[in-house]
Amino acid sequence: MLSQPSVPLPSTPASTATALRGVSTRNWRDVYARRLVVTDLLVLIWVVFGVQLLWFDVDFGDAGASAMPAEMVRGAISYTAISVIIIVAWMVTLTVYGTREYRVVGSGNTEYKLIADASMRLFGLIAIVAFLFKIDLARGYILVALPVGVAVLLFSRWLWRQWLAIQRAHGKYSSTVLLVGSVPSALHIARELARNSDAGYRVVGACVPTGEVGGTLGDTSIPVSGSVDSVLEALAATGADTVIITSSDDLPPKKVQEIGWSLDQGRQHLVVAPSLTNIGGPRIHTRPVAGLPLIHVETPRYEGRKRFSKRTFDLLGSGIILLLTSPVLLVVALLVKLTSPGPVFYRQERVGLKGEPFDMLKFRSMRANADDELAALLEAQGTAEQPLFKVQNDPRITSIGAFLRKHSLDEFPQLINVFRGDMSLVGPRPQREGEVALYDHAAKRRLIVQPGMTGLWQVSGRSSLSWEDAIRLDLYYVENWSIMGDVVILWRTIRAVLVPGKEAH
């Protein structure tokens, strides 16, 4: 088993707790939802009426002197009415589909998916109604307003997320959480919530079987607020609005049911955390059977339609990127050749899908025969036994190589590997045979999917991550792969390449 990386858990001083309760009193969920309503409405007014003005000019601007002013006025009035109806219908649809619910805002892709799905269904219905009743509806609403409206809505929600993440980093606009369960399970949930602060859960107390009030949860600063039998008293003392059941070992079903009954409806919430980690939402399906909320977890599969869609995505993506970046690649090749002796390309055998070796291509960023020095450098820095052969302040890197590595330009020849089918655009990073030999059972699961040019751990810290964190992120990708996830990782990769952080080297 992999060791669990230590994550610092913030304390909750009295001043912060007071601020949190103030936000709760005003109900941060309603405040945030109302702000989303305002920005959604402004976006839709701008988009829909902008399309009306553009399309109105197109429809009537060419009429010249033959168009009667009265007809133009009637046309403008009719289009204005249609625009208002579309805006109202769009706002209602976004509400019905729960795009502003606190359960989906702030983190994950569900919020974005709901916005796109609601918008597509609305305009599909509009198109059907217009066809059935032979309504002469301007095509611009569907051809322009739909894609532009969805794009601007998503962008506005993304901006709100950046603001919300900052607020949550300071303990605001978050659910205050009381953990209830065994000490190991409560510690695990607390660490995961601390690692993902943008999810909006801030732990303010814990109820564990020992119930030593005044103590702390394990080696953290989270106060123990009582035993599992004093949840109501702990809720009143901490002001928490969410109870998370971390384990059921000391909580029989009737006790959990009583806790749920005792919570204030609409203000306090009950969450049950199963003993599952690193499981993506699409793989989880809840099915109530005989009053039991059974959770079905699909096993990851990588054949048939999923494999075909990923290969098609890789083939088209790598081909298009190669065509678009070919001038830049030629310039980089010349710089490598002119700045240091040796070949332009660096070939190295890496381990790919199902353990099959292949030759991975890169622009050479080190001096010739740099591999002969690797073992001594790893031994010197004490990392020869870790399956992540990274040398800090590597003396083998050339002058142009440091720039290429920081901006990941040395990786671009791997587009040829992707086009040939050796690699994928997104996936776990392919490693050397010596690194793979050090894999434990969990790490070997990296090999059940195609290795990638970029991956989840590369856009989550790159070289600054420990091996434990890198493998945790790679395994999450392996278990929960999706095309939409690949698109998000590629977008984050572009941002990392254009604006590399201090951890890039």
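R157 is buried, at 0% relative accessibility (buried meaning under 20% relative accessible area, exposed over 50% and partly exposed in between, with a 1.4 Å probe and protein chains only). The model is a predicted one, in which local features need pLDDT of at least 70 and side-chain atom pairs count only at pLDDT 80 or more, whereas totals for chains, interfaces and linings use all residues. Residues are numbered from 1 along each chain as its sequence is written, and side-chain values use heavy atoms, with hydrogens and water left out.

The side chain of R157 forms a salt bridge with that of D40, at 2.7 Å from N to O (a salt bridge being a side-chain nitrogen of Lys or Arg within 4 Å of a carboxyl oxygen of Asp or Glu). D40 lies in helix 2 (residues 28-61) and R157 in helix 5, so the pair ties together parts 117 residues apart in sequence (helices, H or I of at least four residues, and strands, E of at least two, are DSSP runs numbered from the N terminus). D40 is likewise buried, with a relative accessible area of 0%.

A salt bridge also joins D410 and K362 (3.5 Å, N to O). D410 occupies the loop between helix 11 (399-406) and helix 12 (414-420), and K362 belongs to strand 9 (residues 357-363), 48 residues apart. Both D410 and K362 are buried. In the pair E101 and R103, the closest N and O atoms are 3.9 Å apart; E101 is partly exposed at 40%, and R103 is exposed at 60% relative accessibility.

F133, in the loop between helix 4 (110-132) and helix 5 (139-169), is exposed, with a relative accessible area of 63%.
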